[in-house]
Amino acid sequence: MTPLPQISTGSAPGKVILVGEHAVVYGQPAIAVPLNNLHATATITSAGHYLEKLVVDAPGIALHTSFNKLAEDHPLAAAILETMRTLNISEAPGGTLRVHSALPVAAGLGSSAAITIAIARALAACFATELPATAAAQIASAVEHLHHGSSSGIDPTVIAHHAAICFTKNKDPEFIYPHSSLELVIADSGLTGSTREAVNAVRKLHSDSPDRFSSIFAEIGALAFSARAPLEAGKHEMLGALMNANHRLLQAIGVSTALLDALCAAAIQAGAYGAKLTGAGTGGCMIALVDKSGAPEVQKALLAAGAKSASITTLESTTR
Ligand code: PMV
């Protein structure tokens, strides 16, 4: 395959988990939605041949180097290599790969999967090759596996399909079609949370008290199962109550923090239907489900309670 002498772009959204993180690693269902306003993008400016080396430019992480100087397990190199393997590309194109992401790193919004999929799409475009969503998800899962150890695959799947999903590990995703739009306020606690460390800490607790943790995971799974119908029907009060219950169970497995708890309490006090941490926790972001008209009030309350940032985002309704 020969790279095209052109500028090729790929992009991918961030995501939030509405219900079910951590338990999803143990086979329970979880619900995740894409973020329409926060994306990662990758742009390849290719000379159309292999003779030039590929320069990787990622200003967000102060990286500017040639691809062949990166360790194979560097997240950006791994994204390129895994895509080349999947698409049978024998050599990286000559030129420049620029990576930009509006997603905070290690904050539970899917930054690593979004960056990998953006790179995979840019490379596929550069070689004029199709990259189906399932293949993009597999590439991001392989890269995630390298860095996060055992992961469920929920992030790569929701991001690659850019659709609301009910996800169970090792199964095809079930797509969800919310009848009315969903308004969320996403607040960043400003502290990073390592997915690998959080997942490992939960695994240790689970192996120390298997019965207790299996039963908590089953409760979380039941919440995710119950959340699907109110999400589709636009019953946001009911969905909010399930999110609150999910946050309490995430506290019980030790992945919340005092600040995340305070942010959830502040959001509810300001009128949110429900609030919870999102993603691996131990830092990172929380989400509050709100009414469109009440969103600015909740945003203000989150900033006053110590959030580093708080943004309002809408998941538009979709039809089958
Ligand atoms: O990487 P994060 O913060 O988006 O968390 C992913 C969700 C977990 O359930 C904690 C891990 C997984 O692989 O599902």
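How far is an oxygen atom of the ligand from an N or O atom in the side chain of Thr195? Select both in the viewer: the distance is 2.8 Å. Keep in mind that this is a predicted model.

**Stop 1: the ligand**

In Lys15, a side-chain N or O atom is 2.5 Å from a ligand oxygen atom. In Asp155, a polar side-chain atom lies 2.9 Å from an oxygen atom of the ligand. Now show the surface: the ligand taken alone exposes 380 Å², and the protein buries 95% of that.

Next, select the shell around the ligand. It has 15 residues, and those that come nearest are Lys15, His22, Ser152, Thr195 and Ala280.

**Stop 2: helix H1**

Select residues 75-87, which form helix H1. The helix has 13 residues and reaches 18 Å from its first C-alpha to its last, close to the 18 Å expected at 1.5 Å a residue.

Which residues of H1 are buried? They are Leu76, Ala77, Ala78, Ala79, Ile80, Glu82, Thr83, Met84 and Leu87. When looking along a helix, remember that an α-helix has 3.6 residues a turn, so residues three or four places apart point the same way.

To see what covers the buried residues of H1, show strands S3 (54-58), S4 (63-66) and S5 (95-101), which are included in that cover. Helices H2 (111-126) and H3 (133-148) are also part of it. Then step past the end of H1 to Asn88, whose phi is positive, near 55°.

**Stop 3: Ser46**

Go to Ser46, in strand S2 (residues 30-46). Is Ser46 buried or exposed? Its relative accessibility is 8%, so Ser46 counts as buried; the cut-off for buried is under 20%. Leaving aside neighbours within four places in sequence, Ser46 is in contact with Pro3, Leu4, Pro5, Gln6, Pro93, Gly94, Gly95 and Cys126.

**Stop 4: Gly306**

Finish at Gly306, in the loop between helix H9 (295-304) and strand S11 (309-315). Gly306 has a relative accessible area of 40% and is therefore partly exposed. Again leaving aside neighbours within four places in sequence, the contacts of Gly306 are with Leu259 and Leu263.

Technical notes. Residues numbered from 1 in each chain as written. Predicted model: local features only at pLDDT ≥ 70, side-chain atom pairs only at ≥ 80, totals over all residues. Heavy atoms only, no water. Near = heavy atom within 4 Å. Polar contact = N/O pair within 3.5 Å; in protein donor to acceptor, adjacent residues only side chain to side chain. Areas by Shrake-Rupley, 256 points an atom, 1.4 Å probe, with all protein chains shown as cover. Helix = DSSP H or I, 4+ residues; strand = E, 2+ residues; numbered from the N terminus. Expected span 1.5 Å × (residues − 1). Buried < 20%, exposed > 50% of the residue type's maximum accessible area, 1.4 Å probe, protein only. Contact = heavy atoms within 4.5 Å.
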